[in-house]
Amino acid sequence: MKREVGRKRSNQKVSQIAISQVLPGMVTAKNVYSRNDQLILNRETTLDSTKIAKIMFYAIESIYVYEPEVKSENDQYMQKIRNSIEFRNFKKDYDSCVVSVQNAMNSVIEQNKELDVKPLLQEMTQTINHAKSKTDVFYMLQCMIDYDDQTYVHCVNVALVCNIFADWLGISKEGKETATICGLLHDIGKLTIPKNIVNKPDRLTDQEYEIMKLHTIRGYDLVKNMDLEDAVKQTILLHHERYNGTGYPFQKAGDEIDPFVMLTAIADVYNAMTSDRVYRTGRCPFDVIRELEENGKTLYAPEILIPIMERIAQSYISHTVRLSTDEEGEIVMLNRDFLSKPLVKVENRFIDLSKEKSIKINSIL
């Protein structure tokens with residue numbers, strides 16, 4: 001049996017992909033090692049949310065996986081979105097947004113110009129207004145397959161997600177604008193990092209990783225004298241800090257981290273989990289929620305993270321889903337203690353996923 005599996009795998013294409021693009025169900029094609037050459041995962045390991053979180057914990061930039069031979073049902077759902085008039089209008093405004101952000105950031109880097117955030121905010125608002133719901137924005141962001149993971153695109157994505165999260169948290173109009181600008185500018189410092197490091201597909205060396213981490217301080221230096229809110233400047237400097245003190249550059253923890261910084265950090269990781277630039281299978285939102293439930297509550301402020309997860313989950317009540325048993329059902333009720341494991345009605349019976357631990361939601365239909 002082992003020989004048959006090995007023979008089958010030998011014909012399967014291997015790709016090196018960034019950890020942000022790794023999805024549950026993928027299989028490692030090579031051993032995964034930490035920066036000090038400690039073995040983290042063996043070759044032929046099927047990845048789940050816990051194993052992916054373990055890879056992230058060791059700050060591993062990329063791994064080798066076998067390319068999946070069959071795409072998921074989410075592909076069909078995504079294609080339906082791409083064919084809609086709503087998506088075409090959204091994409092037109094989104095494209096314009098990316099160009100405006102690129103021009104604005106380059107003017108800061110190359111000409112030392114002051115940032116005018118008002119026109120950027122107006123473009124963001126227009127882009128969001130072309131989506132019917134907040135959930136639609138997330139799906140449409142996943143559909144932007146024309147783009148590479150360049151800094152400008154990533155910043156636009158995180159800004160849109162920040163705006164939505166701020167709305168869900170009941171933040172004022174002014175606060176939503178602040179959150180949007182925080183997301184838009186959080187990674188501006190990456191434009192000062194050599195492209196061969198930022199775009200390197202392989203794992204960064206220790207020296208390269210230290211250079212990459214400088215983007216927070218360099219970004220802050222770019223804007224510290226500009227007429228921007230302090231929360232925006234703090235976000236640029238501290239968006240890699242974590243609630244439990246394991247982040248950088250200053251290992252701040254708990255209340256030392258401004259709420260806008262934490263909101264942006266959550267939006268940043270949400271975008272990383274839901275944006276697939278190599279595989280277009282689309283990550284199920286309940287996979288994302290499960291990973292955040294299991295690993296996120298020590299990294300991100302619970303008072304911000306939990307309401308956001310609840311709103312994401314609530315967006316899918318009454319939606320039809322496919323379970324890992326290959327059955328189709330309807331989400332009828334959430335379990336606040338296990339948001340990733342709702343009550344699902346399948347024909348004439350109900351399945352409580354918090355009790356049926358071997359069953360999970362594979363896709364939204």
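Trainee: What should I know before I start?

Mentor: This model is predicted, so to speak of a local feature we need pLDDT of at least 70, and side-chain atom pairs count only at pLDDT 80 or more, while totals for chains, interfaces and linings use all residues. Residues are numbered from 1 along each chain as its sequence is written, and side-chain values use heavy atoms, with hydrogens and water left out.

Trainee: What is the average pLDDT of the protein, and where is confidence lowest and highest?

Mentor: pLDDT is the predictor's confidence in each residue, from 0 to 100. The protein averages 85, and 88% of the residues score at least 70. Helix α1 (residues 2-10) is lowest, with a mean of 47, and α12 is highest, at 97. Helices here are DSSP runs of H or I with at least four residues, strands are runs of E with at least two, and both are numbered from the N terminus.

Trainee: Which residues of α5 are buried?

Mentor: Buried means under 20% relative accessible area, exposed over 50%, and partly exposed in between (1.4 Å probe, protein chains only). The buried ones are Val-117, Leu-120, Leu-121, Met-124, Thr-127 and Ile-128. They cover an arc of only 125 degrees, taken from the directions from the helix axis to the C-beta atoms, so they lie on the same side of α5. Exposed Lys-118 and Gln-122 sit on the face turned away from that buried side.

Trainee: Which backbone angles stand out?

Mentor: Most residues other than glycine have a negative phi, and most peptide bonds are trans. Ala-59 has a positive phi of about 55 degrees, in the loop between α2 (49-57) and β4 (62-66). Asp-326 has a positive phi near 75 degrees, in the loop between β5 (320-323) and β6 (328-333). Tyr-248 and Pro-249 are joined by a cis peptide bond, with omega about 15 degrees.
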